[in-house]
Amino acid sequence: FFNDTATTEIYTLALHDALPIWELGRNLFIIIDGDAQLSAHSGVGEISVRVAGPGDSFPMAALLESRTLITTGEALTDMDVLAIPATSLIRLCSDDAEIGRNVYKAAAQLFAKRYSSTLAHLAAGAERELRDTERLWLK
């Protein structure tokens, strides 16, 4: 199904390139090779959320047909990413209930894992900031 070259593309990105998520929700990307820094926008600027590597996928919002982009990304290394059109993946999940169940079960597990690791990552960053601020106050 996804071997059809009309439905998938492979992008090659150089260090510091923006990840190809400009067409919101159009594709689900899977990192084949390389690493990316994913960040979220906040009132104080960009906040590092996680580093994604080979086998990781983004944006998961593509599976939900969501038009809300939560994270943006930048290549930390040269990268190859596979683009799977969200409409093709969603159609496959609709056409084959077993595949659909498995994809959405895996997506739910992935959301839970990422949520947990993102909270841990943000907590570690907040702790570093607090320590740095405390050191400044003690000087």
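Is V44 buried or exposed? V44 is exposed, its relative accessible area being 77%; buried denotes under 20% relative accessible area, exposed over 50%, and partly exposed the range in between, for a 1.4 Å probe and protein chains only. The views below show a predicted model, in which local features require pLDDT of at least 70 and side-chain atom pairs count only at pLDDT 80 or more, while totals for chains, interfaces and linings use all residues. Residues are numbered from 1 along each chain as its sequence is written, and side-chain values use heavy atoms, with hydrogens and water left out.

**View 1. Nonpolar surface patch containing V44.** V44 belongs to the loop between β3 (36–42) and β4 (45–52). Helices (H or I, at least four residues) and strands (E, at least two) are DSSP runs numbered from the N terminus. Together with I47 and L122, V44 forms a nonpolar patch on the surface with about 270 Å² of accessible area. Patches consist of residues with over 30% relative accessible area and no salt bridge, like charges being joined within 9 Å and nonpolar side chains (Val, Leu, Ile, Met, Phe, Trp, Tyr) within 5 Å. Accessible areas come from the Shrake-Rupley method with a 1.4 Å probe, and for residues only the protein chains shown count as cover.

**View 2. Strand β3 and its pairing partners β4 and β6.** Because 6 of its 7 residues are buried, β3 is largely enclosed by the rest of the structure. Strands β3 and β4 run antiparallel and are joined by 7 bridges; two strands pair if DSSP finds at least two bridges between them. A hairpin of 2 residues connects β3 to β4, and A36 stands opposite A52 in β4. Strand β6 (residues 72–75) also pairs with β3 in the antiparallel sense, over 4 bridges, with E74 in β6 as the bridge partner of Q37. L38 is located in β3 and is buried, with a relative accessible area of 3%. The C-alpha atoms of L38 and S48 are separated by 6.2 Å, although these residues are 10 apart along the chain.

**View 3. Salt bridge between D56 and R50.** The closest N and O atoms of D56 and R50 are 3.7 Å apart. A salt bridge requires a side-chain nitrogen of Lys or Arg within 4 Å of a carboxyl oxygen of Asp or Glu, and the count by this rule is 1. D56 is partly exposed, at 23% relative accessible area, whereas R50 is buried, at 13%.

**View 4. Aromatic pair of F29 and F58.** Rings of Phe, Tyr and Trp (its six-membered ring) pair if their centres lie within 6.5 Å; planes under 30 degrees apart count as stacked, over 60 as edge-to-face and the rest as tilted. This rule gives 1 aromatic pair. The ring centres of F29 and F58 are 5.5 Å apart and their planes lie at 25 degrees, so the pair is stacked. F29 in strand β2 and F58 in strand β5 (residues 57–58) are 29 residues apart, and the pair thus links distant parts of the chain. Both F29 and F58 are buried.

**View 5. Strands β2 and β7 with helix α1.** Strand β2 (residues 27–33) runs antiparallel to β7, and 6 bridges join the two. L28 has I84 in β7 as its bridge partner. Strand β7 (residues 79–85) is mostly covered, with 5 of its 7 residues buried. In helix α1 (residues 86–95), the buried residues are A86, S88, L89, I90, L92 and C93. The cover over these buried residues includes β2, β7 and α2 (97–138), contact meaning heavy atoms within 4.5 Å.
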